[in-house]
Amino acid sequence: MPYTRGEVRIAIEAANVRQLFEALGVRFPDLRAQLDNDLAIAIDGEIYQDALLQPISGTSEIYVFPKIAGG
Amino acid sequence: MTVSTMIKYEQKELKVVGTRPLRPDGVDKVTGRARYAADYNMPGQLIGKVLRSPHAHARIKSIDTSAAEALPGVKAVVTREDFPDMAVEYAAAGELTINFRDVTRNMMAREKVLYDGHPAAAVAATSESIARKALKLIKIDYEVLPHVIDVVEAMRPDAPLLHEEQYTEGVTPKPDRPSNVAKRMVFARGDVEAGFKQADVIVEREFNTKPVHQGYIEPQACLASYTEDGQAELWTSTQGHFVFRAQCAKVLQMDVSKIRVTPTEIGGGFGGKNNIYNEPLAIALSRKSHRPVKMVMTREEVFRATGPTSGANVKIKMGCTRDGRIAAAQAELNFQAGAFPGSSVPMASMCTFTRYDLANVRVVGNDVTVNRPKVAAYRAPGAPIAVFGVESVVDEMAKKLGIDPIEFRLRNAAREGTQTYYGPKFGPIGFIETLEQARAHPHYSAPLGPNQGRGIATGFWFNIGNETSAALNVNEDGTVTLMLGTVDVAGGSRAAMAMMVAEELGIDVDKVRPIIGDTSSLGFNFITAGSRGTFASGMATVVAARQAIEKMRQRVAKIREVPVEEVVWKNGQAQPVEDGTRQFAPMSLAEIAKVAGKTGGSIAGHAEINAQGAGPGFGTHIVDVEVDKQTGLVKIVRYTIVQDVGKAIHPAYVEGQLQGGAAQGIGWALNEEYVYGADGLLQNPGFLDYRVPVASDLPFIDTVIVEVPNPNHPYGVRGCGEVPIIAPMAAIANAIESAIGIRLFEQPMSPPRVLKAIEAEEARRGA
Amino acid sequence: MRYEAPKTVAAAVALLSGVKGQARVLAGGTDLLIQMRAGRIEPELLVDIKGIPEMTSIVAEDGGFRVGAAVTCMELVEHTAFARAWPGVTDGVRLIGSIQVKGRATMGGNLCNASPAADSVPAMMAAGAVARIVGPKGMRDAPVENIPTGPGRTSLARDEIVISFLLPRRAPRSGDAYLRFTPRTEMDIAVVGAGVNLTLGDEGLCTQARVALGAVAEHAMLVPDAAAMLIGTSVDTAALDRLAAAASAACRPIDDKRGTKAFRIKVAGVIARRAAEIALQRAGRQG
Amino acid sequence: MARHHVTATVNGDAVEFLCETQQTLLEVLRDELRLTGTKEGCGTGDCGACTVTVDGRLVCSCLVLGVEAEGKSIQTIEGMATGKDLHPLQRKFLEHAALQCGICTPGILIAARSLLERNPDPTEEEVRFWLAGNLCRCTGYHKVVEAVLDAARELRGA
């Protein structure tokens, strides 16, 4: 996770995906371009793409990974 | 947004979904009436042609178009001077997010030409022959530069650089010198070193694949008309007219609302028609000539300058315990991106091991620029390349342990609740069902002839949702017009959507007329890609239908003067709720439609969603091959596909997707490849020497459709187009190994390569 | 670009010798039109010879067949009597392109286009076909093996035309065969091609044999050394082994997008052997 | 540039057109006669999308010059159905879902009809080899071959 200077597990307070991305952007400026464009996330195992207003609970486990498209 | 208050289809008797009605675009296609992009013409239209780079890598010192402009009949010439440079800015474009700085350079070279076939100028003339003459009159002064074609060579520090300002992203500390490696990515879970320590068997192999082209039979074609009020109309063969509109608006600096894109009938795409090529050139030529401009690519142009998929170098290391449990899995994927960054390596990295339930995984992906056309998506982008390696290694491990290859996969198979190494946890999936049904299939136990072998392999694709809009109008006679925003890229999605609408409304499917709306008639739609069409557009369609039903309930409540909660929609009519308090005469959709105008206006429904909750797809393939040991020729003797599609809305079109995907995978495995000379020029830009399978190369392809519903879709749809192309390469390599005891690590497994491997093995045994 | 469709050989020759710039004979056009479209050639004159009766007919001649150079491949493939007499030549013609291409392509074009990989040429060489050539100086006959001299090059003068081929009378107990190797079953250019024509004597020994190879040298060629391995033998395994070795030894191929040197040399022997086996079987079947 | 005046028959109708020497029959059909049902997939005779018949012979119209059509009778996809009645092959292609994008379909139908005219009872292998000159990238040929065999059955009245 070079964009996060090696950190792979991070605890962040956020009520929805947009707040999460904003918090990540503040903490890891290198990640901003990716956050704006080509990242999707999994909230407790469920994939969300382009879902900035998706609510996140305080205990949610979140993964961030590249957006998925296809042929 | 998933469909709220969802009526589960399992709970109602289906009348239309799951049947096999004729496709609405069928008659036009068998009579020659269907209009593809090259079939569109306008009064006064000019013919546009592109002058392409004859070099793999060169600096453009000067371009002189004066002689071409002076030629009678030439109405416009455009070069890099006619397009603004673009800053680094990203946007979603099908396979990966793209960078407009690169988009504008790929459609028309600026500082340098970066591949054989790279556009350097374009002309519009009153006839094709004049346009061709004009191209010969354009003088470009090139400074030829050293080029690099192979991905491994391109990664070397001393390799010729395509982009002097490109520093590898994703490595720390930041590199101090530029590189052809545009981006490096890592996906990791657990501790692979610890995992390998637990392993009793470790297999480590290296694989190499060549780029292959989507090979759609219709070359790219478009017709553009720019009018003096600054508006443009574009008819083009595309998988995503909204994305094309967005990109043309950007590179031409026009308002989105001033470009109207109509998607024509499309003659195949498979990911290759996700990106703009001639479209902005045609609009620019029309703007400059004040005439409509038509541009149709030749087949040679299609091969030289439109996206093939990546060639790649893949290293796989896997270890498992004696009882056949995979303890650790590691991969390095080095993918050619072509002339600009943005290969499918991120998705390939996420697909590499995802069929299995693994504690220790590490996948490293490199996105590498080389002097080849910029790659485009191709059906399950990147997955077949990574899976060729993984499923070969899995097969080798199973053999070493004497475990049946399907049994070995079952012991490691992903299932509901499996945590993937890239993020999500699987919901209900049908991978195990495909493995079990493959093992039970008569093909798996059928006897083999001499020099024949049997192989199996499996595939996974995410499937996706994304932005989607749909609208339906109930016509005065009780018929329905359905407007879709996702191009029917040939699979028959128009039929599938009409079927879901008919099912929801309770009317005959032939009362629903589905059409694809242009960019001015609907909200934004992402391209038809990633097997999202029937999932996402189906979801939008159902939302729209249910909105119309809700309006009809309210209308009938008014007409019959009852509270709306007394009205339920059932069997195609608004009727009293069971154990309701009010009786009234039901009204069918046709009856409502008839009076709608006089009771408040016509009935319509529409939906604008970003579909979430796509259901992953899995497949297991069985193939028998026969190898001619004297010539290295591999013949496909029998082929069976078992795939979980969630729910087959129209089973015949699902079978068609599976058979077509497998056929492309077979071509990929055996004979298709881009052949470049030492000069960096493409040697086989045509269907004679780029060998796609012909009818006599293939057997019938059996299909077994598994239906484990996707709980997030009103009809359980997962999508089905991508998965079938993933397994063939590996399945065929495994079958060759079982036939002659020799494993191939290079694609294509063409006769010269197979014969070479056989002779090397004979020499080794002899020595 | 001028287009002429003369009705006689004399008129065609006059047109060809009359023109200053580049002229091309248009038979099936399956190679010519592609070269024109690609801009590789821009002829000043096209001479369409499909209106010339002796170039578009198949007639019996001294127990053999005279085949017009502009007869389409499909017409020839569908000619049952010819196919019975010369199944190997028919094999070669049948392998040229698709049904659609065979509907236009001709043996004359296949020969004069002088592709080293032309499928009907090794078959005709093995069959001992003789080409009839007409030019301003008159008419001459030449064995097919004397015509191709290199890729796209022939021994014809620029104003000469091949008007027909003579496939001679068959001796009893003769058989011929043509096989090629391609990665696909159809729609491919031969990576290696082999034509074998042989005659058996009373004791079942091979009394005459001709072997020709395609796509393994700068032009299709006869390989007498390979044929010699069959003559006087019962075409048994040992003889076939020697034939295969001789065929491979005669190859001087190039590496290209369609195949490697090593592959072509190895497979030439394999294909020649398989063609000989078919020819032998066909000869055996004849009384 | 001198243009040739050509008279021919297309789908039974007498037609006249002007063409340049290098214009192919395919270009004439599509651009001069506006019969766009015949498609261009490669322009080199390798894909079969432009398949038509000339005097009953199956050809790639991209490998025929327009000027060569003088006095000839040409059949294209537009002439395959009679009135409202689709040719049995057209119907079977719909019933068997033997087409997807459809760009190769006109050429395959014309080629298949020519096969069944010569051989009313082809084997699967004969169908596959006859159609080898018609590339299809969508279907894997499975349903195409089934449809042709089924149409042959119907035409034989079997």
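Biologist: Which residue in S13(B) is the bridge partner of Leu234(B)?

Modeller: Val261(B) is the bridge partner of Leu234(B) in S13(B). One caution: this is a predicted model, where local features need pLDDT of at least 70, side-chain atom pairs count only at pLDDT 80 or more, and totals for chains, interfaces and linings use all residues. Residues are numbered from 1 along each chain as its sequence is written, while chains are lettered from A and ligands numbered from 1 in the order in which they are written.

Biologist: What makes S12 and S13 of chain B a pair?

Modeller: Strands pair if DSSP finds at least two bridges between them. Five bridges join strand S12 (residues 232-236) of chain B to S13(B), so they pair. The two strands run parallel.

Biologist: Which side chains of S13(B) are buried?

Modeller: In strand S13 (residues 259-263) of chain B, Ile259(B), Val261(B) and Pro263(B) are buried and point to one face.

Biologist: How many helices and strands does chain B have?

Modeller: Chain B has 20 helices and 28 strands. These are DSSP runs, numbered from the N terminus: helices are H or I with at least four residues, strands are E with at least two.

Biologist: Why does the radius of gyration of chain B agree with a compact globule?

Modeller: The rule is 2.2 Å times the number of residues to the power 0.38, with the radius taken over C-alpha atoms. For 767 residues that gives a value near 27 Å; chain B has 27 Å, so the two agree. Its C-alpha trace spans about 90 × 75 × 55 Å along the principal axes. Of the 767 residues, 62% count as buried.

Biologist: What are the domains of chain B?

Modeller: They are domain 1 (9-34 + 465-611), domain 2 (40-146 + 214-305) and domain 3 (382-463 + 615-766). The bounds come from an automatic or database domain assignment. The centres of domains 1 and 2 of chain B are 38 Å apart, taken over C-alpha atoms.

Biologist: How many residues of domain 1 of chain B are in contact with domain 2 of chain B?

Modeller: 15 residues of domain 1 are in contact with 18 residues of domain 2. Contact means that C-beta atoms, placed from the backbone, lie within 7 Å.

Biologist: Which chains have the most contacts between them?

Modeller: Chains B and D, among the four pairs that touch. There, 40 residues of chain B are in contact with 40 residues of chain D. H18(B) gives the most to chain B's side, with eight residues. That side divides into 21 nonpolar, 14 polar and five charged residues. Nonpolar covers Ala, Val, Leu, Ile, Met, Phe, Trp, Tyr, Cys and Pro; charged covers Asp, Glu, Lys and Arg; the others, Gly among them, are polar.

Biologist: Where do chains A and D stand?

Modeller: No contact joins them, and their closest C-alpha atoms lie 14 Å apart.

Biologist: Which residues touch the most other members of the largest nonpolar core?

Modeller: Ile732(B), Leu213(C), Ala247(C) and Ala272(C), in a core of 433 residues. Such a core is a set of buried Ala, Val, Leu, Ile, Met, Phe, Trp, Tyr and Cys residues joined through C-beta atoms within 7 Å. Helix H16 (residues 533-560) of chain B gives the most, with twelve residues.

Notes. Contact = placed C-beta atoms within 7 Å. Buried ≥ 20, exposed ≤ 12 C-beta atoms within 10 Å, placed from the backbone.
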